Amino acid sequence: MLLNREITLFSDFVHITYLIVIEKEVRKYLDEDGFLSKAIKEFERRPQQIAMAEAVGKVFDEEHHLIVEAGTGTGKSLAYLVPAILWAIKFNKKVVVSTYTKTLQEQLLYHDIPLLYEKLKIPFRYALCLGHENYLSLRRLKRASQAGLFTMAEEDNQMEAIFDWVGETQNGTKGDLPFEPLSSVWEDVGRQKDLCLGKNCETYSTCYYFKERKRWFGAHLLIVNHHLFFANVASNGAVLPRFDAVIFDEAQN
Ligand code: SF4
């Protein structure tokens, strides 16, 4: 069962579950003369951050749960990311980090994790997991344009813009579009589970959703939101790849 190895973070909280010999390792990264201090000029040693990282490391080492309430300025994201990455790499594990807000998810994805990736010099892999409906379906896009489904000029303009964007986007997600699509447009071009042909689809080999899912399976860290995490629980693990530990940040939400 997944939940017997979970790490729960309440935003200001972290509840963890699981672990190994990481407790002693984290100081090498977060202490005054640690790797991050040497690599990042403005890095500041924070005793509470080190204490939290050691507690998280211990949980990974001993395979149990932990709840942490971290005050402002603790640097809680690094306090759980560093031990999680070390553990995942050392023991070939997969850790899910679940957030409630998009703001925190973006901070992790576009700041904290890339920073660690660059500075730790550890080749870990990470991926953002979104619900399937967030991905463009190339087959449905083609069908929608052939069928001439739209009556409004704005819909046609958005369709054209989506065609242009297909050549640029890496992941084909709605959030990657430079504009908010009309619901009438996205409903006709987004992935719909019941209409997806999977391996029988003519565009399966280039399908954004399935390409992204492959990345999820190879990643050490998966970034999700609470909604997707519990959709996975409700579907008996059908949404996410099998994982070894979970950290809930903003767990009070
Ligand atoms: S595999 Fe499914 S989601 Fe992907 S393009 Fe084909 S129908 Fe759309």
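Modeller: Start with K102, which forms a salt bridge with E106. The closest N and O atoms are 3.8 Å apart. This is a predicted model.

Colleague: Where do K102 and E106 lie?

Modeller: Both sit in helix α5 (residues 102-120). They are 4 residues apart, about one turn of the helix.

Colleague: Is K102 buried or exposed?

Modeller: The general idea is a cut-off: exposed means over 50% relative accessible area. K102 has 57% relative accessibility, so K102 counts as exposed. E106 is partly exposed, at 37%.

Colleague: Which residue forms a salt bridge with E212?

Modeller: R215 does, with the closest N and O atoms 3.2 Å apart. E212 and R215 are 3 residues apart in helix α9, so about one helical turn separates them.

Colleague: Why does E212 count as buried?

Modeller: Buried means under 20% relative accessible area. E212 is buried because its relative accessible area is 8%. R215 is partly exposed, at 42%.

Colleague: What does the salt bridge of R143 and E202 link?

Modeller: Their side chains meet at 3.5 Å, N to O. This pair links distant parts of the chain, 59 residues apart. R143 is in helix α6 (residues 138-147). E202 is in the loop between α8 (183-189) and α9 (208-218).

Colleague: How many salt bridges does the structure hold?

Modeller: It holds 11. R27, D31, R45 and E54 are linked in a network of salt bridges.

Colleague: Which residues form a negative surface patch?

Modeller: D156, E160, D164 and E168 form one. D164 is found in helix α7 (residues 153-166). Its relative accessible area is 55%, so D164 is exposed.

Definitions and conventions:
Residues are numbered from 1 along each chain as its sequence is written. This is a predicted model: local features need pLDDT of at least 70, side-chain atom pairs count only at pLDDT 80 or more; totals for chains, interfaces and linings use all residues. Side-chain values use heavy atoms; hydrogens and water are left out. Patches are made of residues with over 30% relative accessible area and no salt bridge: like charges are joined within 9 Å, nonpolar side chains (Val, Leu, Ile, Met, Phe, Trp, Tyr) within 5 Å. Accessible areas come from the Shrake-Rupley method with a 1.4 Å probe; for residues, only the protein chains shown count as cover. A salt bridge is a side-chain nitrogen of Lys or Arg within 4 Å of a carboxyl oxygen of Asp or Glu. Lys and Arg count as positive and Asp and Glu as negative; His and the chain ends are not counted. The place of a charge is taken as NZ of Lys, CZ of Arg, CG of Asp or CD of Glu. Helices (H or I, at least four residues) and strands (E, at least two) are DSSP runs, numbered from the N terminus. Buried means under 20% relative accessible area, exposed over 50%, partly exposed in between (1.4 Å probe, protein chains only).
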